[in-house]
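Please open the model in your viewer and keep the selection tool at hand. We will go from one stop to the next, and at each one you will be told what to select and what is there.

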Amino acid sequence: MPQQTAPLVELEAKSPFELRQHHSENMPETALRDALARGDMGFLHSFTTGSCVDGPGVRVVAWTAGCMWRCLYCHNPDTWNMRNGLPVTIDRATEELRKYRRGLNVMSGGLTLSGGEPLMQQRFAMRLITAAKDMGIHTCIETNGYFGDRLSDADLDKIDLVMLGIKTWGADRHRQLTGMDLAPTLTFAQRLANRKRPVWVRFVLVPGLTDDAQSITQIARFAGELGNVERVDVLPFHQMGRYKWMELRMDYKLHNTEPPSNEAVESVCEQFRAFGLKAY
Ligand code: SF4
């Protein structure tokens, strides 16, 4: 496949909330498959800098395109389709990251791969993570864990932090919320615990969807027993992604869902703290 170089202006986006579509629309299926198999090209929604909420310190975030889950509250549904992503060579992504190396180290930050679901393109993800490690940059991946078995133990050892999304508890409830099974996420969480790899759990609090007290208690118990969960981020649902569902003419079911109150978020944090976890 010919190497593609995209102008810098296309790589940058103001934020992951910027709607992006069709960047790889014309790429032949075989070329896309080859790129995924080799990992020498990835498909990015955007590449943002200066994030303080996607891991420790100040982060560069590569937002990958492609996700097989269908969370009802997803605020980035334009990242579901890999063909919405911009094709970026591993050399280009590495070169871009190198520009921020010194600043990231000074600000105790690093690289975060988020999405979408980064493990949809795990070869590219691991090549970029390896490049970051070679530059002495802290590495983090934000994932739903479903494809955790695509990573070898050696891969896991190169990832300094996994931010693992646990959406809800119970097989049926999870499938209703995300369209997918919960079990692979929990298996991945257990494997990370067995290898003593640092994990932050991310839990999105959506009134009426994920705020069932029993489910939260079960997630908290599970996370507390793992022994490697450094913190839990309780993320309040918001409506910032609603316009994307509208623009994409998708069936958005949460028009009438309000963000949780600060008290509700704090109460869920307390549920996690009751199992010995730090929760924010
Ligand atoms: S796993 Fe993340 S990117 Fe995928 S549908 Fe759910 S919220 Fe959206």
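Begin by colouring the chain by pLDDT, the predictor's confidence in each residue, from 0 to 100; the chain averages 93, and 94% of the residues score at least 70. This is a predicted model, in which local features need pLDDT of at least 70 and side-chain atom pairs count only at pLDDT 80 or more, while totals for chains, interfaces and linings use all residues. Residues are numbered from 1 along each chain as its sequence is written, and side-chain values use heavy atoms, with hydrogens and water left out.

Next, select residues 1-9, where pLDDT stays under 50. Where pLDDT is low, the predicted coordinates should not be read in detail.

Now select the ligand, and which residues surround it? They are C67, W69, C71, C74, W80, G116, N144 and K167, each with a heavy atom within 4 Å of the ligand.

Stay with G116, which lies in the loop between β4 (110-114) and α5 (122-134); helices (H or I, at least four residues) and strands (E, at least two) are DSSP runs, numbered from the N terminus. The peptide bond leading from G115 to G116 is cis, with omega near 15 degrees.

Finally, select D78 and K244, whose side chains meet in a salt bridge at 2.9 Å, N to O, the term meaning a side-chain nitrogen of Lys or Arg within 4 Å of a carboxyl oxygen of Asp or Glu. Because D78 lies in the loop between β2 (59-64) and β3 (86-89) and K244 in helix α10 (residues 242-247), the pair ties together parts that are 166 residues apart in sequence.

Definitions and conventions. Contact means heavy atoms within 4.5 Å.
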